[in-house]
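Subject: Structure for your review

Dear colleague,

Please find below the structure that I am handing over to you. My notes on it follow, beginning with the ligand and then turning to the sheets.

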Amino acid sequence: MMPPRSLICLENAKKIYTMGRQQVAALDGMDVAFEKGSFWAVMGSSGSGKSTLMNVIGCLDRLTSGRYLFQGRNISAHTDDALSDIRLRHIGFVFQSFNLIPQLTVQRNIELPLYYLGWDKEKSANHAQNLASMVGLETRLTHRPFELSGGQMQRVAIARALAADPALILADEPTGNLDTRTSDQIMALLGSLHEGGKTIIMVTHESHIAEYAQNRLYMKDGRILKVEKR
Amino acid sequence: MKQIQFSRELSSGIQTLLLHKLRSFLTMLGVVFGVGSVVAMLAVGEGASKEALEQIRKLGSHNILISSVKPAEEDTAGTTPSFMSIYGLTYMDHERIAQSFSSVKKNVPVKLVRKEARIGHRAVELRVVGTSDQWFEVIPRPVLGGRTLMQKDLDAKSPVVILTEFGARKLLATRQTIGQTIRIGVDSFTVIGIVKNETGASGAMQIPDREIDAYIPITTAMSYFGDVVIKMSSGSRLREKVELNQIIVQVASLDQVESSARAIERMLSLFHKKKDFQIQVPLALLKQAEATKRTFNIVLGAIAGISLLVGGIGIMNIMLASVTERTREIGIRRAIGAKRKQIIIQFLIEAMVLSFVGGILGLAMGIAIPFFITWFAKMPTVITPMGILLPLCVSLGIGIVFGLYPAARAARVDPIVALRHE
Ligand SMILES: Nc1ncnc2c1ncn2[C@@H]1O[C@H](COP(=O)(O)OP(=O)(O)O)[C@@H](O)[C@H]1O
Ligand SMILES: [Mg+2]
């Protein structure tokens, strides 16, 4: 039995890619639980399965075998629409390469989840403006992503990830494309979100970035190497 | 909620297309030409049938017009002063038609003589139409004053005349019209009525009445003017004997028109060695108009079909390119939580905006084309509400049909692959 406060629970999780005759186990039997409100750094060398783990947790990818419980419910058999709905309502993504939509303004990018939630225009505009000022970009609402610096783009991405007020933020190397000073600003922002009660799972291979997180999960070849909790 | 989504999808679709204005415009061209030709096709078709109906209204749908024509070989013969050419319809023809065909309800003899009419110092050249009272039934025109011919006028060979509005204006001006006496040639006639006349050559067929007509009883025309006319042509006198210039026949029902016309033609041919008459059937104009419409529809329909197909393929091509270009965007949207259906709608709406805007531009072009056709080809064109709605629906349909596959491709994009896509 897993602790009841687990937001996410993986039981003997396997993800196997078949490349011709070769089989690659990107996740090779992982048992791990992430509690509500915790802040995790997932570490490991390149190819150890960190991104695969994030995709599975983020309901973008399905396990080959094993169980994945999200908020205590096994979602392995969910339809594509149901998984989309979980992503929309409960998960916010932050990517290494920001992944903003280039032709949309900052405000429209932040509003995107609200748009799919069916919010009306005025309400979502207000909410997007609030989020923009929270990440310090209230003056950039009508700008397009290419007019912003990397740090600013990542802050827009964080604002967008927060728009639907999800329980979980998944960040795959959020500072990978940023300089040290900007990285620290972004981490401070994620830290404050954690203090605000969000569950955050972040992939990084920089140990000083991992310092911001409470807990650390080390991976190797699709397995858990070690878990450090504070 | 659904409506809000739709309108926002629409506005963001328009914005996306505005990012690539030239590309979007070029993509639309096929639909523009396709829709343009559909609109033009419908307008020309409508115009042709409307014109035909209008002509038939003037000519009388149940009428058969039989006219005397001078046979071709007679033209060179009239050099000697004593020579007289005799041709055309006869009083006997008129009798035979009346007796031979039960389908013939009205049978109007027409005798035409050009005469100068005068009153005081005013003079005007008139076409004197010697006819029966039934003329006014087979060529119904509004009576502006007085009365038309009656049987008693024919019986009494009365010297009475009915002028057209035009003739009355020319001849009588402000004078009291009805009851006025005018001179036609050397004879005096009393004006008993004024009728309106149709003007304008009616396309392929000449309408029976003219503005310079003066209607008198045929019996009066026979006894006053006789059957021989002397024509002066380049100094030589040419005598012609024509008993009746026209016979206008009206049949009881529409489906008898063509068979009766053929039967009359066969019958008349038995008595006319030379081809000195012709038969015209106004109803044939409708058939002709329908044939024109068909030809136009085939030609323009083919152009429209090909343009729409090419336009649709162009849209599909651009949409497929757009899906590839925006794979990452699709991945982002899917990761955020967009359902496949929502991605489909997004791309479908873009395709529909492309084709619908193309449709609107095509509509503008399609309205301009009939305008030029009317201007240069003197062909009437009519744009009906149907002629506007149909092409717009077609253009929307094109967007849906050719946008569906690219949209489905977009929805099948795997977000994980798409997000790795640089
Ligand atoms: N779509 C895929 N097809 C085949 N192999 C894959 C695919 N995605 C990941 N892998 C493999 O799975 C392993 C883990 O990859 P990944 O999770 O991206 O590692 P990390 O993010 O830790 O660098 C690697 O060996 C990688 O080559
Ligand atoms: Mg990775």
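**The surroundings of ligand 1**

Ligand 1 is surrounded by 13 residues, of which A:Gly47, A:Gly49, A:Lys50, A:Ser51 and A:Thr52 are the closest. Please bear in mind that this is a predicted model. The ligand is placed between chains A and B.

By class, the shell around ligand 1 consists of seven polar, four nonpolar and two charged residues. Three elements of chain A, namely strand S1 (6-19), strand S2 (22-35) and helix H1 (50-57), each contribute at least two residues to this shell. The largest contribution comes from H1(A), which gives three residues.

The side chain of A:Thr52 has an N or O atom 2.6 Å from an oxygen atom of ligand 1. For A:Ser51, a side-chain N or O atom lies 2.7 Å from an oxygen atom of the ligand. In the case of A:Ser48, a backbone N or O atom is 3.3 Å from an oxygen atom of ligand 1. How much of ligand 1 does the protein bury? Taken alone, the ligand exposes 550 Å², and the protein buries 69% of that area.

S1(A) and S2(A) run antiparallel and are joined by 11 bridges. Within this pair, A:Leu10 has A:Val32 of S2(A) as its bridge partner. The two strands form a hairpin with two residues between them, where A:Gly20 adopts a positive phi near 65°.

At the other end of the order, strand S4 (residues 65-70) of chain A is joined to S5(A) by two bridges, and these strands also run antiparallel. Here A:Leu69 stands opposite A:Asn74 of S5(A).

**The six-stranded sheet**

Chain A also holds an open sheet of six strands with mixed pairing, in the order S6-S7-S8-S3-S9-S10. Strand S6 (91-95) and strand S10 (223-228) of chain A are at its edges; each has a single partner strand, so one side of each is left without a neighbour in the sheet. On average, neighbouring strands of this sheet are turned by 20° against each other, direction ignored.

Strand S7 (residues 168-172) and strand S8 (residues 199-203) of chain A run parallel and are joined by five bridges. A:Leu170 has A:Ile201 in S8(A) as its bridge partner. Which helix packs on the sheet and touches S8 of chain A? Helix H6 (residues 180-195) of chain A does so, and H6 touches strand S3 (39-44) of chain A as well. The direction of H6 makes about 150° with that of S8(A).

With kind regards

Methods:
Residues are numbered from 1 along each chain as its sequence is written. Chains are lettered from A and ligands numbered from 1 in the order in which they are written. This is a predicted model: local features need pLDDT of at least 70, side-chain atom pairs count only at pLDDT 80 or more; totals for chains, interfaces and linings use all residues. Side-chain values use heavy atoms; hydrogens and water are left out. A residue is near a molecule or strand if one of its heavy atoms lies within 4 Å of it. A polar contact is a pair of N or O atoms within 3.5 Å; within protein, one must be able to donate a hydrogen and the other to accept it, and residues adjacent in sequence count only if both atoms are side-chain atoms. Accessible areas come from the Shrake-Rupley method with a 1.4 Å probe; for residues, only the protein chains shown count as cover. Helices (H or I, at least four residues) and strands (E, at least two) are DSSP runs, numbered from the N terminus. Ala, Val, Leu, Ile, Met, Phe, Trp, Tyr, Cys and Pro count as nonpolar, Asp, Glu, Lys and Arg as charged, and the others, Gly among them, as polar. Two strands pair if DSSP finds at least two bridges between them. Axes are lines fitted to C-alpha atoms, for helices over the stretch in contact, and angles run from 0 to 180 degrees between N-to-C directions. Contact means heavy atoms within 4.5 Å.
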